[in-house]
Amino acid sequence: MNLSERDKLYNWHPYTQHKTAGGFPAIVKGKDALLWDENGKEYIDAIASWWVNPFGHSNKIIADAIYEQLTTLEHVLFGGFTHDKAVLLAEKLLSILPENQKKLFFSDNGSTAVEVALKGALQYNYNKGIKKTKIIAFEDAFHGDTFGAMASSGISFFTEAFKGSLLEVVRIPVPTQGNEEKSLQALKDLVVTNEYAAFIFEPLVQGAAGMVMYSPEVLDKLIAICNQNNVFTIADEVMTGFGKTGKTFATDYLANKPDMMCLSKALTGGTIPMAITTFSQEIFHGFYNDDVNKALFHGHTFTANPTGCAAALASINLLQTDEMQNNILRINTQHLAFEQKIKSHPKVKITRVLGVIFALEIKTENKESYYGSMRNKLYNFFIENGIILRPVGNIIYILPPYIINNSQLEKVYATIEKALEIV
């Protein structure tokens with residue numbers, strides 16, 4: 001049996017109905033924007049392996065940093081100890097984050113980064129004797145698969161089986177063009193009740209919803225409403241962080257900064273699982289007390305893993321190079337040119353571009369389900385043609401590694417044009 005067949009015997013994959021799923025390509029090698037399976041077939045990784053790999057596969061700079069760290073100190077518990085790479089990474093991150101971010105809490109992935117933020121908001125109020133137990137989130141949000149993150153997410157089939165076991169979360173409309181006032185009013189109506197600890201959002205782009213975009217101006221207004229009513233704001237930058245929107249963080253487009261930020265995915269350049277939740281000094285002080293019971297009792301075995309920290313430091317240094325910044329601009333220019341070409345296609349409803357993110361919606365008579373027949377047909381077409389794209393219902397998006405070259409991008413664009421002819 002080959003790897004794909006052996007995999008099917010043993011492994012339970014994410015977001016997969018195994019009764020109807022076929023075999024999966026077994027990837028054995030990656031370099032830059034390319035992956036190769038066990039049969040030697042080449043794929044262009046046009047979504048950076050779920051948005052984590054901006055600097056390409058098998059990046060030597062990050063690999064060397066990991067090797068050096070592994071041969072120095074691979075791991076030490078962070079409960080009761082610290083180490084140089086955690087301190088250096090904290091200093092590095094705080095130098096590029098919004099100025100109001102002062103404290104870092106390490107965890108393992110995007111979902112746990114969100115859990116830490118939610119617990120921070122809820123316990124802050126509990127520590128002060130304030131009863132605020134509800135959270136505000138956008139419709140169609142996605143914040144992860146652990147329980148607090150699920151509760152904050154608005155894509156129902158991800159959470160339907162667990163809805164009786166989740167935090168109480170109330171959703172407001174996404175402030176897309178034409179819906180701004182509706183969203184603002186909905187938030188105003190909620191915050192005045194004094195029941196809500198936090199408002200969590202994906203800044204400017206809702207990733208899993210299909211790269212749905214809204215303006216920084218309206219998000220500034222939403223944050224201002226929360227600030228005026230003592231509701232904490234949580235920016236989930238797990239997807240948008242580290243250059244995806246054209247700036248280092250999506251919140252860099254804002255005048256009003258969030259109280260907390262959630263980071264993961266591209267944090268370590270797609271190498272080692274790691275996440276960080278950042279906090280304002282005010283929130284940290286809500287836990288700073290002689291009473292040990294007011295501490296944030298949350299932790300993970302591999303919290304602030306030194307090897308992950310070394311990878312993150314190398315990754316951030318790469319992001320800040322002129323080469324990577326120019327690559328982000330180049331990809332954005334290519335996306336905008338493709339948008340001009342494709343937006344008038346008779347099967348295209350609308351296109352969206354921000355930074356290295358490109359999305360188009362295909363015209364449909366009825367709303368396409370998230371994993372419906374159109375999505376599956378498109379996904380299989382792309383894989384057959386050596387392109388890794390994961391459509392969301394009737395939405396095709398590109399979010400490539402920054403080192404993808406123009407000819408590879410042109411192949412992705414051309415394959416999308418061909419895909420429009422089969423739907």
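**Entry: ground rules.** I count a salt bridge when a side-chain nitrogen of Lys or Arg is within 4 Å of a carboxyl oxygen of Asp or Glu. This is a predicted model, where local features need pLDDT of at least 70 and side-chain atom pairs count only at pLDDT 80 or more, while totals for chains, interfaces and linings use all residues. Residues are numbered from 1 along each chain as its sequence is written, and side-chain values use heavy atoms, with hydrogens and water left out.

**Entry: salt bridges.** By the rule above I get 7 salt bridges. I began with Glu168 and Lys134, whose closest N and O atoms are 3.5 Å apart. Glu168 sits in the loop between helix H7 (156-159) and S6, and Lys134 in strand S5, so this pair ties together parts that are 34 residues apart in sequence.

Is Lys134 buried or exposed? I use buried for under 20% relative accessible area, exposed for over 50%, and partly exposed in between (1.4 Å probe, protein chains only). Lys134 counts as buried at 15%, while Glu168 is partly exposed at 44%.

Lys134 also meets Glu195 in a salt bridge, at 3.0 Å from N to O. Glu195 is in the loop between helix H8 (180-191) and S7, so its bridge to Lys134 in strand S5 ties together parts that are 61 residues apart in sequence. Glu195 is partly exposed, with 32% relative accessibility. I therefore noted Lys134, Glu168 and Glu195 as a network of salt bridges.

I then turned to Glu417 and Lys341, which form a salt bridge with the closest N and O atoms 3.1 Å apart. Glu417 belongs to helix H14 and Lys341 to helix H12, 76 residues away, and the pair links these distant parts of the chain. Glu417 is partly exposed at 24%, and Lys341 is exposed at 55%.

Entry: My axes are lines fitted to C-alpha atoms, for helices over the stretch in contact, and angles run from 0 to 180 degrees between N-to-C directions.

S13 pairs with strand S14 (residues 357-362) over 6 antiparallel bridges, and Thr351 stands opposite Leu360. Contact here means heavy atoms within 4.5 Å.

S13 and S14 form a hairpin with 2 residues between them, and Gly355 in the turn has a positive phi of about 60°.

How many residues of S14 are buried? I find 6 of the 6, so S14 is largely enclosed by the rest of the structure. In a regular strand the side chains alternate between the two faces of the sheet. Here Ile357, Ala359 and Glu361 are buried on one side, and Phe358, Leu360 and Ile362 on the other.

**Entry: the sheet from S4 to S6.** Another open sheet has 7 strands in the order S4-S12-S11-S10-S7-S5-S6, with mixed pairing. Its edges are strand S4 (101-107) and strand S6 (169-172), each pairing on one side only. Its neighbouring strands are turned by 20° against each other on average, direction ignored.

Strand S11 (residues 260-263) and strand S12 (residues 275-280) pair in the antiparallel sense over 4 bridges, with Met260 opposite Phe279. Helix H9 (residues 216-228) packs on the sheet, touching S5, S6, S7 and S10, and its direction makes about 165° with that of S7. Helix H4 (residues 84-96) lies across S4, S11 and S12, at about 135° to S4.

How values were computed. Two strands pair if DSSP finds at least two bridges between them.
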